[in-house]
Amino acid sequence: MRGTIEQLVKQFLVSLKIKDADVNFTIEYPKIDRFGDYSTNVAMLLSKILKKLPMEIAESAKVFFEDSDLFEKVDTANPGFINFFVKDTVFFEQIKKIVEIRENYFKPSLAKPKKIQVEFVSANPTGPLHIGHGRGAAIGDCIARILSFCGHSVEREYYINDAGFQMKMLGISTFIRYKQLLGIDEPFPENGYQGEYITHIAEDMITEYGDMLLKKPEDETIGICTKKAGDVIMSGILESLGKFRVSFDKFFKEKQLFDSKFVQDTIELLSNKSYIYKKDGAVWFKTTAFGDDKDRVIRKSDGAYTYFASDVAYHRDKFLRRQFDDVIDVWGADHHGYVNRMKSAIRALGIDEDRLHIVLVQIVNLLRSGKKVSMSTRKAEYVELDDVLNEVGVDAARFMFVSRSVDSHLDFDLDLVKRQSNDNPVFYAQYAYARIMNIFKNIKEQGINIDSEFKMDRLKEKKEVNLAKSIIKFKDSINAAHNDLEPYHIVKGILDISEKLHQFYNKHRVIGSEPSILSARVFLLKAAQITLRLGFDLIGVEAKNKM
RNA sequence: GCGUCUGUGGCUCAAUGGAUAGAGCAACGGACUUCGGAUCCGUAGGUUGGGGGUUCGAGUCCCUCCAGGCGCACCA
C-alpha cells in the first residue's frame, strides 16, 4: 500500500522530468487523522530544484494525484505537505488479498536472496547461560527467523571456544573439586570457576572413575576433566536454549581451526601480503593499515595464539571457504572494542566489510527488588537463564528481550516482571489472538454460515478500518526489522494490531450481527489472525487459542 | 584520557529529518443482563540532560559541555 503510493509519487516526478534519485522523498503516516492516511514531503524537497514555493508545487501535485482512483481525496497543507485520504475499499481489497495468499502478502520482494549466516550466543561452555546470553539468544534467533521469512537462506551457528585458557581453567577447577571431594586439601585458584555446578560434575567423575584419576599424569587428568565438564555444561546450555525455543544448524569448534592448521595458514597468507611482523618476541598483525587504532598481537611471545588469531581464521572460513554472502555476528556490547579490529581483519583479507554485520546487543542489568545482581561467571553470582524462564515463562522473557531496540540498555527486574506478568504486553497480544480464535470456535459450534465471498461494502465502522490499516501496516514492520536487523519493529506491529483488535471487539460484535456484516467481519478477523500468527512466529512466541 | 552506547511525564520505553512529542505501568474517574473485563473509554502528568549550529522544519544530524553504562592486554 505504501509502496503503491511511493510509485505514484515517482510517476509524478517523471511527469516533471525529474530523476527520482535526486529527490529523497518519504511516505509517512501522519499522526493526526485530519492529515489523512499517508502523506509525502516531496513538494518541500522539490522547492529548491524547481525554484518554486512548496505549496505551489503541492497544489499541482494534488491535481496529478486526484486522477488516481485510490483516493477519497488529496489535500495540501502548510508548509507543503501532500496528504492522501485512501478509500476504505482500497484497504479492504488488501485484506482480501491477505486472506487469499496469507503470510506471503508480507514477504518483501528481494532483489536477490542471500546466503546468510547468523552467529549468536557462542558462550564458552564454562557455566550455565545467564540473562545476558538470553537477550543475545532471543535477538539472534529472531533475526534468523526474520531473514529466513524474507526469503534468504539462513544458517544459524554457535561458535565454541574450546581451545583457550578458559576451558583449561574449567578443567583445573573441576579437578581440584574432585580432589577436595576425595579428601585432598588443595587451595582453589583465585580465577577458577567457583560455581556449585563444578562440584556436581566432580561428584559425577567420582562415580565414574573413583579415585583412578589421581594416578594418571596430571596433564591427562586435567584433559579428561576439561572434556567432561565442557560436555556436561554444553548439554545444559543446549537444554536451556531448547526450552527457550532457540536452535542451531551448526556448532563450530575453535579447536578445529587449529587442528586443521587453518589458523597457521591464515597467518601465513597475511604474512605473504606483509601484514604480519615480529616485535618483542610476539607476532603482530598490522591492523592499523586497515583502520584499527593499534596493531594486534596474533601470537604471544610464549608461542600461544591469541583469541584474535582464531577469530580471523574463523571469519576467513565463513566468507571464503563457506561462501556466505553476508555474515551477522551477534555480540554482547562489552565486545564493542573488538568491532574495529575484526572489520580491519576483514578488509585485510580482501572482503567487503559491508558483508559483515555486527549486531551489538546492549547489556542487561539484572535486578532483584531494584537491586543490581552481579553477573560474574567465575564467582557464579548470577541468576541462570533457566531460573528466569521458570519464573516468568518463555513467552514473557522472549517478548521482553526483543521488545526494545538492541541499542537500549535493558533493566530486567525479576520481581517486577513477575509481579506485572498479568499486565505484560505479551499477554495483551496473546489475548487479542485468543479472542479471535474464540470467536471462530463459537461460530463453528453454533453452526453459523459464513459467506465465502468477502462483501467489503458491509464494513462501515471506523474501528474496522483502523484494524485493517494496522494489519496492512505490518508489512512496514517486517521491512524495518529486515533492513535494520531490529526485531522490536515486529513487536510494535503486533501490539498495534492487538490494540486495534481490542478496540474493535469492545465496540462491535461479530456473532449476533446481521449475517452479511458478520461474514465480512469474519474475513477481517481472519486477516488479523493470519498476521498476528505470523508476528508471533517471527519472534518465537506462542500464538494461543485460549489463555 | 580515548572510543562507544544511552539520557524523552514518577517508572519502563516509542517517534524512517516533518505537522499538536506518543504508548504501557503507577494515580484518579467511568463502561457489558449477548463473542472471555488479561479488555475498552476518559482525566492528569513534558522547556525531549544544558548550550550553540545546520534548514523551510531538529527528540532525531553536527559541535560542545554534563551525567550514567560498557570497552580500551602478548585476557578470553
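**The RNA surface and a parallel sheet**

Visitor: What makes the residues near RNA strand B nonpolar, polar or charged, and how do they divide?

Guide: In this predicted model, the surface near RNA strand B divides into 26 nonpolar, 27 polar and 14 charged residues, where Ala, Val, Leu, Ile, Met, Phe, Trp, Tyr, Cys and Pro count as nonpolar, Asp, Glu, Lys and Arg as charged, and the others, Gly among them, as polar. Local features need pLDDT of at least 70 and side-chain atom pairs pLDDT 80 or more, while totals for chains, interfaces and linings use all residues; residues are numbered from 1 along each chain as its sequence is written, and chains are lettered from A and ligands numbered from 1 in the order in which they are written.

Visitor: Why is a residue called near RNA strand B, and how many surround it?

Guide: A residue is near if its C-beta atom, placed from the backbone, lies within 6 Å of the strand; 67 residues surround RNA strand B, the closest being Glu28, Ser39, Gly164, Asp280 and Gly337.

Visitor: Which helix supplies the largest share of that surface?

Guide: Helix 16 does, with 8 residues; helices are DSSP runs (H or I, at least four residues) and strands likewise (E, at least two), numbered from the N terminus.

Visitor: How do you know that strand 5 and strand 6 pair?

Guide: Pairing requires at least two bridges found by DSSP, and 5 bridges join strand 5 to strand 6, so the two strands count as paired. Glutamate 119 stands opposite glutamate 157 in strand 6.
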